[in-house]
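Open the model in your viewer and keep the selection tool at hand.

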Amino acid sequence: MKKIAVITSGGDAPGMNACIRAIVLTAYQHGMEVIGFRHGFRGIVEDLNQPLHPNDMRLVSQRGGTILLSSRYPEFKQVSAAKAAAQVLDAHGIGALVVIGGDGSFRGAHHLNQHWYGQVIGVPGTIDNDLAGTDTTIGFTTAVDTAMEAIDRIRETAEAMARVFVIEVMGRHAGFIGLHAAIAGSAEGMLVPELEPQPKLAEIADNIKRARSAFPDSSYIVVVSENLWPGGVSQLAKELTQATGTTCHAAPLGHIQRGGRPNAQDRILSMQLGQAAVHAIIDGASGHMIGVEQGHVVEVPIHLTFERDKPLDLRLVNLQRGLQQLNFASKVG
Ligand code: ATP
């Protein structure tokens, strides 16, 4: 009987548990045993193993976070750590490892693949959606839903008080959550890292001033990606308050975007990718990510997922830019 191991690594993402469930059920269906290691790569090196049986999977798909726990473990970049992990995996008689995580985790998977004879398969699990070779990643759409709901709530109070808000969303160094949340939340402004050159403070302030003089009873929301403005949105709000003469409020959404029950789309994606990961192992694949492109499951060499940039969808960028302008025109018109 072939033994498969699973880890969740890096930032947790809603849907990881549904993916674990699909891996476990599919593996057992094919006569394979599954073992998990808690806390990502650290858990392999420290042998924090946990058998995973179909009976344990009955109520996990609905839950956010990860039942296998995760961690940041930069030590795994060392060759000695990869070799230590290979020894632990061999000692358990494991033939294949599934790594559910983001680009850092996939660098780790690629690294391990060079120091271990077993098969290594990646499944994209990150709210940031910043992996090339897959249209979407586990947790992304749930995070966008959460950000949108938070923006809607801020919108109601902002509208009641005619306030300006700068709302910070997650994404690490990518603007996918920012772009999607800005569109879904009907934001008047959006700052995401991919759109160079970034607007200057004076330009953002000018847009706010023009909107407010034309329609003083209205709210105004700018969605800003994390790690974009030096000092974060609190600093941006201070600078805008000075530049506009209007109090601008900062609202960093933070980790609420990572938690929560996965939405239906993420659960379905997770199960589709989890099942496909086991099928890929049966077919002998290694060093590949299982992703999805235009509704079809695809296998992509894992190094290409983090060596290439994943661009924002320009049609969506133009949609937001157009609507921002129309929104403003309708206010001044
Ligand atoms: P997210 O972006 O959603 O937080 P991630 O997988 O990118 O997820 P990281 O913290 O960047 O999160 O990476 C997860 C883990 O992968 C690291 O803690 C480390 O154990 C391992 N890792 C990252 N980069 C490398 C690398 N270059 N070589 C080996 N292992 C790595």
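Helices (H or I, at least four residues) and strands (E, at least two) are DSSP runs, numbered from the N terminus. This is a predicted model: local features need pLDDT of at least 70, side-chain atom pairs count only at pLDDT 80 or more, and totals for chains, interfaces and linings use all residues. Residue numbers start from 1 along each chain as its sequence is written.

**Stop 1: the ligand.** Select the ligand and its shell. 21 residues surround the ligand; a residue counts as near if its C-beta atom, placed from the backbone, lies within 6 Å. Gly10, Gly11, Gly102, Gly104 and Gly108 are the closest.

Now colour helix 2 (40-45) and helix 4 (103-113); each gives the shell at least two residues. Helix 4 supplies the largest share, six residues.

Colour the shell by class. It holds four nonpolar, eleven polar and six charged residues. Nonpolar means Ala, Val, Leu, Ile, Met, Phe, Trp, Tyr, Cys and Pro; charged means Asp, Glu, Lys and Arg; the others, Gly among them, are polar.

**Stop 2: helix 5 and helix 6.** Select residues 140-161 and 176-184. These helices pack at about 45 degrees, with axes 9 Å apart. Axes are lines fitted to C-alpha atoms over the stretch in contact, and angles run from 0 to 180 degrees between N-to-C directions. The pair is therefore oblique, the class left when angles under 35 degrees (roughly parallel), over 145 (roughly antiparallel) and 65 to 115 (roughly perpendicular) are set aside.

Show side chains. Phe140, Ala143, Val144, Ala147, Met148 and Ile151 in helix 5 meet Phe176, Ile177, His180, Ala181 and Ala184 in helix 6 (contact: C-beta atoms, placed from the backbone, within 7 Å). That contact has ten nonpolar, one polar and no charged residues.

Definitions and conventions:
Contact = placed C-beta atoms within 7 Å.
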